[in-house]
Amino acid sequence: MELSEYVLELKGITKIFPGVKALDHVSFQLKPGEIHALMGENGAGKSTFIKVITGVHKAEEGEMYLDGQKVDFKGPKDAQKAGIAAIYQHVTAYPHLSVTENIFMGHEIKKRGIIQWKEMNDLADSYLQELNADFKSTAEMGALSVAQQQMVEIAKAISMKARIIIMDEPTAALTKNESEQLYKITEKLRDDGASIIFISHRFEDMYRLATRVTVFRDSQYIGSYDVNGITNADLIKAMVGREISDMYPKPEVKIGEEVFRVEKLTRMGYFKDVSFNVRKGEILGLTGLVGAGRTETVQTIYGVEHYDSGKMYLNGQEITVKNPSDALRQGIGLLPEDRQHQGLILDWGIGRNITLTEIASLGKNGMTDEKSERAKAKELAERVDTKAVTIFDKASSLSGGNQQKIVVAKILASDLKVIILDEPTKGVDVGAKAEIYEIMGELAKQGYAIIMISSEMPEILGMSDRIVVMCEGKVTGELKRGEAAQEEILKFAMARSPKAAKN
Amino acid sequence: MATKSGRTIIADQPFSWKTFFLKWEWLLVILFLGINVMNASLSEYYLSGAGLFNATNSFLEKAFVALPMAYILVLGDIDISVGSTACLSAVMLAYFYNLGVPMGLCIIICLLTGTICGAINGLILTKFTELAPMIVTLGTQILYRGIAEAMLGDEARGGLSSVKWFSNLYWGKIGIVPIMLICFIVCAVIFGFVLHKTFFGRRLYAIGANKLAAEYAGIKVQKIRMIVFTLTGTFAAVTAIFLAARMGSTRADIATGYELEAIAMAVLGGFSTDGGKGKFPGLILAIFIVGMLRYGLGLVNMASQFMLVVIGALLIITVMLPNIKSMFKVKKKA
């Protein structure tokens with residue numbers, strides 16, 4: 001038998017879920033010892049593809065070869081035995097168990113049925129040392145940061161002697177320094193002989209690590225390219241299927257009078273003396289590093305959390321907000337950061353999700369009115385251009401970007417004056433991103449006052465009329481559109497106090 | 001209106017015969033008919049109007065507490081203190097009656113007792129939201145039963161049947177229709193209507209399906225939980241009233257196991273303990289399935305201990321059926 005050029009090869013993989021073709025004759029080739037980037041919009045089929053490789057899903061059609069040998073995985077165990085390990089974006093660990101237990105879960109070292117703790121701990125420590133980790137094998141998993149937990153997952157892959165390691169958006173929740181460390185670890189794994197599939201939305205990840213990149217779009221294989229000699233524009237075109245000429249379609253809107261203002265809003269331990277205002281038709285960008293207290297601030301404004309002192313004014317009148325119901329009634333809406341847990345009921349149809357906050361105003365005398373609910377849901381789902389067939393499609397069946405559009409539609413159902421968007425494009429693919437920006441621009445035109453939290457610098461610079469920067473629970477700076485540059489914002493975002501930044 | 005990209009989204013519920021016939025309720029209908037055929041073959045009087053009504057009277061007092069229990073399950077909560085609450089409420093009723101308090105007032109005391117018991121559950125669970133309802137209501141289950149035992153010890157408080165109108169609540173009939181059945185139908189219709197046709201009902205489902213998203217959608221989650229737990233206590237007291245009317249006396253060991261029977265009825269009816277699921281017609285069918293089965297087994301003089309074996313087995317097999325079905329589906333594909 002001839003030796004294959006590829007360590008892993010998939011041909012014509014088709015996977016069908018009820019009603020959807022999640023993968024449509026997809027091919028993929030992984031060379032030994034390479035880092036191969038896999039890119040595509042959310043819903044392009046990357047996750048399903050990974051699950052086929054790791055034996056979680058069984059493909060209806062197609063073949064898979066390991067070192068040129070045809071394989072047929074019956075389940076995840078078979079894939080593990082063959083040396084395939086996956087590290088998922090949301091770490092699937094046991095938070096209450098120790099690092100050692102997490103690493104060896106399912107393949108503990110046993111002698112006559114008794115677990116050898118000492119041996120396992122020592123081995124785990126040696127892996128961690130190899131990865132330059134700054135924690136011990138006896139640490140509790142839940143007490144570690146996301147980056148550290150990922151390291152544990154990588155150690156687990158090493159402990160299973162994985163030859164093919166799949167990383168699913170590992171940098172999504174990491175800071176720049178943590179990402180850099182992950183790059184180094186990934187390169188070390190490759191140098192030790194592993195072949196790596198690296199999934200990411202970030203172009204910089206790909207340029208930094210990968211030698212080749214494969215693009216999926218709409219459940220189909222689009223192509224594989226050498227990273228040397230490909231441009232962002234080429235890639236976006238391959239991923240989206242069209243050119244996005246203007247990513248940030250910020251319309252010129254005449255900004256009116258002040259709609260909403262917070263004064264010296266304080267929640268002990270989270271943020272202190274936060275003051276800012278937002279005007280009619282204005283998009284106010286609220287930025288800062290992760291942990292700066294931005295999300296906590298808007299959650300307090302929306303009434304999910306309480307505040308200790310400070311005042312809020314709506315159209316010049318002081319208001320109090322004790323819970324989200326108060327906020328909505330007075331015209332303040334929030335698109336929460338975590339759409340799957342806070343924004344949507346995944347098990348419900350998109351129609352019911354959209355009208356949930358407004359069932360009372362759509363019905364009367366305490367009774368729901370299905371007919372006007374459906375009409376409203378249809379109108380709003382179409383207004384945000386959702387890719388769905390009926391309003392009864394389950395929210396869980398949509399891609400990340402379309403789910404986010406449903407949450408936007410849900411906010412539009414209410415009669416609001418202030419719309420707060422917390423990381424509106426987090427985990428949303430390029431195409432849907434552009435659509436969400438367009439909707440934001442339209443909302444500003446219609447006279448809503450918009451507060452947008454974002455960690456993405458281009459988004460903040462591209463969409464905001466004014467930018468408020470927070471650091472460690474305090475507002476450290478405010479910049480106008482045009483005068484704001486990335487360096488300026490970063491200086492404020494890392495300033496310990498407002499004074500330091502001004503000097 | 002269509003979307004910008006020219007797509008229209010359908011707003012009419014697609015109808016398919018397949019989903020219509022795959023509804024859980026059909027299984028319950030078949031079970032219900034089967035049990036009635038069995039009963040009819042055991043007793044020639046069963047299918048006469050009076051016979052059927054007598055049959056319903058043998059179990060319906062418990063069914064009152066199954067109504068709010070369905071709400072509790074929709075919320076994703078559980079309440080295993082209702083048996084003790086019913087007992088304590090009945091004990092209070094008889095206790096005060098024997099002190100010479102008029103029966104009308106005793107009934108109010110009984111309802112208040114149940115309501116307070118439910119409110120205590122609700123208060124603890126909504127003020128300390130991280131506590132598990134199973135544990136809290138296990139605690140109050142023991143507590144409420146303990147109070148009842150402290151009040152009566154081994155004794156019984158009786159003489160309730162000397163108040164004719166009171167015992168008629170259970171034994172009385174309008175024509176051939178028992179008063180209790182009429183009360184139950186009225187309550188069931190109201191509970192079903194509220195669950196399926198009002199904001200309140202929709203919010204219950206939202207909380208059960210995703211508590212956090214419900215809160216972000218402006219639903220006052222803890223307030224609603226408080227209302228439902230309190231309501232459950234009140235209906236445990238309603239059960240207590242009919243039970244006291246039936247027996248004419250109370251002891252500290254009555255209504256034992258009612259919580260489990262109420263939960264069993266709700267689960268059989270399609271209400272999942274995970275929350276957010278279940279429809280009222282299923283619950284009503286399940287109540288009558290369990291009740292009529294018990295009655296039928298009584299007709300053949302089956303010992304009550306063995307009856308539990310049959311009912312338990314029925315519950316397990318029925319809730320397993322959908323899983324068995326999907327198991328076969330997977331096998332076929334592989």
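User: A polar contact is a pair of N or O atoms within 3.5 Å; within protein, one must be able to donate a hydrogen and the other to accept it, and residues adjacent in sequence count only if both atoms are side-chain atoms. How many residue pairs are in polar contact across the interface of chain A and chain B?

Analyst: This is a predicted model, where local features need pLDDT of at least 70, side-chain atom pairs count only at pLDDT 80 or more, and totals for chains, interfaces and linings use all residues. Residues are numbered from 1 along each chain as its sequence is written, chains are lettered from A and ligands numbered from 1 in the order written, and side-chain values use heavy atoms, leaving out hydrogens and water. With both residues at pLDDT 80 or more, the number of pairs across this interface is 13.

User: Which element gives the most to the side of chain A that touches chain B?

Analyst: Helices (H or I, at least four residues) and strands (E, at least two) are DSSP runs, numbered from the N terminus. Elements giving two or more residues to this side include α10 (324-330) and α16 (430-445) of chain A. With eight residues, the top giver is α14(A).

User: What area is buried between chain A and chain B?

Analyst: Buried area is the accessible area (1.4 Å probe) that two parts lose on being put together, summed over both. Contact (heavy atoms within 4.5 Å) takes 46 residues from chain A and 33 from chain B. Carbon and sulfur atoms give 59% of the buried area. The total is about 3400 Å².

User: Which residue of chain A meets R202(B) in a salt bridge?

Analyst: A salt bridge puts a side-chain nitrogen of Lys or Arg within 4 Å of a carboxyl oxygen of Asp or Glu. The rule finds three across this interface. At 3.6 Å, N to O, the partner of R202(B) is E370(A).

User: How many residues apart are K15(A) and E60(A)?

Analyst: These two form a salt bridge, with their closest N and O atoms 3.9 Å apart. K15(A) sits in strand β1 (residues 8-17) of chain A, and E60(A) in the loop between α1 (46-53) and β4 (61-66) of chain A. The pair links distant parts of the chain, and the separation in residues is 45.
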